[in-house]
Amino acid sequence: MKKCLVVFGCLVAASLGIDNKKSTRPNIVVIVADDMGFNDVSFHGSNEIPTPNIDALAYNGVILNSHYTQALCTPSRASFLTGKYPIHLGMQHLVILEPEPWGVPLNETLLPEHLKRNGYITRAIGKWHLGFFKKEYTPTFRGFDSHYGYWQGFHDYYDHTIHATYTSEYGYDFRRNMTVDWDAKGKYSTTLFTEEAVKVIHEHNTEHPMFMYLAHLAPHAGNDWDPLQAPDEEIAKFAHIQDPERRIYAAMVSLLDKSVGAVVTALREKRMLDNSIIIFMSDNGAASNGIHANHGSNFPFRGMKASVWEGAMRNIAAVWSPLIKNPRRVSNDLMHISDWLPTLLSAAGIDQNQLSPSLDGKDQWKSISESAESPRTEILHNIDDIFDIGALRQGDWKYLYGSISKGMKDLWYGSSGQDSSYIYDPKSVINSPAGTAISGLVTYQQIKEKNELKTNNFSINILNITDVMRLRNDAAIKCPESENQLKSNDCNPIKAPCLFNIQEDPCEKVNLASQKPSVLARLEEKFRRYKSSVRAPINVPRDPNADPAKYNGVWTNWQDAEVMTQKIRFRTLSQLTVGLISGGCVGILIIITILLTLTCKKSPKRSSSPIYEQAKQFSIEPKEDNVFEEREKQMRTCLKDEFREV
């Protein structure tokens with residue numbers, strides 16, 4: 001009987017992933033969507049685009065409904081990996097444009113570096129966008145053991161090329177570590193990143209904890225001439241969406257959702273899920289219109305990517321882990337993307353004393369895990385003196401001023417997702433790959449409690465339809481009607497700062513600056529204090545040497561000496577073409593040699609020959625000892641220029 005119990009215990013332990021050789025520190029998986037709108041997940045109440053795997057993760061964990069990022073890609077990612085506001089990095093203005101030589105300052109210690117020092121294997125997959133002009137700025141020199149993906153801010157989903165946003169440079173951008181990966185060409189980015197993530201998990205040595213930063217391209221726009229890209233078979237699943245651009249966007253989001261399911265399933269298969277923390281979030285709001293528009297929805301929030309409104313910065317975020325003591329709830333506590341660095345180190349049991357006191361991030365682990373009071377009471381959204389915009393949240397109040405688009409990004413955009421033809425299916429969440437993997441883990445946890453504690457009153461139960469609908473309702477943002485708004489409550493942030501009570505008016509419709517002068521004055525004073533600590537922007541103008549045309553059509557770390565001096569390989573020339581060019585050059589040199597030999601005979605009658613006149617055209621003196629030498633030098637220069645043009 002005892003032997004049977006031992007065997008049974010071993011089977012349960014194996015199912016739970018218990019292994020004496022496994023690390024006790026939790027695995028950390030951070031999945032980042034790019035430019036995904038608040039209303040583009042179905043757990044926020046939209047029926048338009050089903051996201052069952054993301055929903056399963058959110059409902060089983062904690063939905064972070066007041067999670068703020070920065071308004072743009074580079075500042076958000078910099079803040080996440082450093083634990084600092086962009087104003088303290090000099091990265092508050094715009095993003096790193098394609099040919100610009102700057103990045104996250106090298107004196108900053110990034111999250112993967114902290115984790116690596118404490119025994120973690122660190123993996124980066126997908127987008128970087130934090131600098132690459134020198135190798136020291138690239139992922140494998142900033143704390144990651146490996147990187148598979150691209151260095152720029154976006155690229156074509158299939159051919160992985162990117163055309164510079166405001167200039168003419170164009171080139172290929174896909175790498176495995178520092179090596180260009182040409183094999184990725186023609187394969188869909190979301191699929192490539194998902195397959196790589198699953199492979200990394202399956203091959204991981206569980207004696208060490210793993211940190212995976214899976215930064216997807218989706219659902220960011222692709223190239224300018226074909227911005228929305230997804231396989232036809234996925235697009236066909238969304239025939240109910242009338243807008244064709246929104247339909248393709250939905251397919252892009254759907255494949256992203258499937259990626260989440262594949263990653264959670266792989267963790268379960270590797271017996272790593274029982275000791276993992278998984279975060280899903282968007283880096284900023286959707287670009288509903290304008291440059292790099294992807295037609296995402298930030299409904300019901302005001303504004304979109306790059307602005308100072310909620311639609312740009314209050315974004316999707318959810319965290320799941322069996323280590324969370326109070327799961328299956330919606331948290332409305334303030335949280336900023338800079339908080340993740342100290343929060344994850346705390347969750348991993350890493351001493352916080354090793355962190356710089358200059359961090360802006362707050363340790364939120366107890367708030368997330370135990371519903372403890374959040375240590376954060378305010379968020380500095382941004383101060384950009386170049387665009388003359390800024391915003392600050394303190395408690396329920398938000399102060400903002402300025403506009404980068406003459407008001408075009410300051411409106412309300414995006415689908416509500418509430419069309420009668422859209423139907424939400426809670427069973428699809430429970431039966432999704434992520435849902436079933438978590439349910440399997442919960443089942444074995446219950447078996448363990450049943451045998452060890454002799455009880456059927458389990459600490460956690462499998463997610464059911466009632467849970468799904470309750471949490472979905474709690475996560476939906478509802479805005480009060482303000483049809484009879486006074487003219488004094490209108491907000492024109494270009495003319496004067498505006499003040500909103502975000503708790504009562506999350507859609508930023510009622511400007512209370514004139515009614516609450518004392519609150520406005522308090523926030524303005526706080527804002528002035530932040531201004532005194534602002535670091536000047538470190539943006540650097542375009543470097544013409546960044547042009548991929550100089551490096552075999554590839555975006556590369558162009559300011560490194562080994563790149564600047566390397567010979568260019570002409571992949572575009574066939575061996576036959578090279579042979580014909582070489583043969584032609586040899587033939588020309590032979591003919592010229594013969595002609596020059598004939599003209600070099602001393603004869604006064606030939607002093608004004610055509611060859612002499614030709615030599616004069618090339619500024620060559622008609623001397624026997626230097627005519628051929630000078631002509632050959634000019635021919636070499638000519639050929640060199642021709643090759644450079646090719």
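# Exercises on a predicted model

Phenylalanine 141 touches Lys135, Glu136 and Met178, if its neighbours within four places in sequence are left aside. Keep in mind as you work that this model is predicted.

## Exercise 1: Placing phenylalanine 141

Find where phenylalanine 141 lies, and decide whether it is buried, partly exposed or exposed.

*Solution.* 
- Step one: look between β4 (121–127) and β5 (146–150), where the loop holds phenylalanine 141.
- Step two: take its relative accessibility, 41%. Buried means under 20% and exposed means over 50%, so phenylalanine 141 counts as partly exposed at 41%.
- Step three: compare positions with leucine 106, which is 35 residues away along the chain; the two C-alpha atoms are 9.8 Å apart.

## Exercise 2: Checking the span of α12

Work out what span the 21 residues of α12 should have, and compare that with the distance between its end C-alpha atoms.

*Solution.* 
- Step one: locate helix α12 at residues 433–453.
- Lysine 454 follows α12 and has a positive phi, near 55°.

## Exercise 3: Two helices side by side

Describe how α2 and α12 pack, and which residues meet.

*Solution.* 
- Step one: two packed helices are described by the angle between their axes and the distance between the axes.
- Step two: for α2 (residues 52–60) and α12, the angle is about 35° and the axes are 7 Å apart.
- Step three: α2 brings Asn53, Ala56, Leu57 and Asn60, which meet Pro433, Ala434, Gly435 and Ile438 of α12. By class, this contact has 5 nonpolar, 3 polar and no charged residues.
- Step four: check burial on α12. Its buried residues include Ala434, Gly435 and Ile438.

## Exercise 4: Exploring the cores

Identify which residues touch the most other members of the largest nonpolar core.

*Solution.* 
- Step one: this core has 127 residues, and Val30, Met36, Phe43, Phe280 and Trp340 touch the most other members. Helix α7 (residues 244–269) gives the largest share, 12 residues.
- Step two: zoom in on valine 30. Beyond its neighbours within four places in sequence, its contacts include Phe80, Phe211, Ile279 and Leu344.
- Step three: find the second, separate core of 31 residues, with Met313, Ile389, Tyr399 and Tyr401 among them.

Methods
Residues are numbered from 1 along each chain as its sequence is written. This is a predicted model: local features need pLDDT of at least 70, side-chain atom pairs count only at pLDDT 80 or more; totals for chains, interfaces and linings use all residues. Side-chain values use heavy atoms; hydrogens and water are left out. Axes are lines fitted to C-alpha atoms, for helices over the stretch in contact, and angles run from 0 to 180 degrees between N-to-C directions. Helices (H or I, at least four residues) and strands (E, at least two) are DSSP runs, numbered from the N terminus. Contact means heavy atoms within 4.5 Å. Ala, Val, Leu, Ile, Met, Phe, Trp, Tyr, Cys and Pro count as nonpolar, Asp, Glu, Lys and Arg as charged, and the others, Gly among them, as polar. The expected span of a helix is 1.5 Å times one less than its number of residues. Buried means under 20% relative accessible area, exposed over 50%, partly exposed in between (1.4 Å probe, protein chains only). A nonpolar core is a set of buried Ala, Val, Leu, Ile, Met, Phe, Trp, Tyr and Cys residues joined through side-chain atoms within 4.5 Å.
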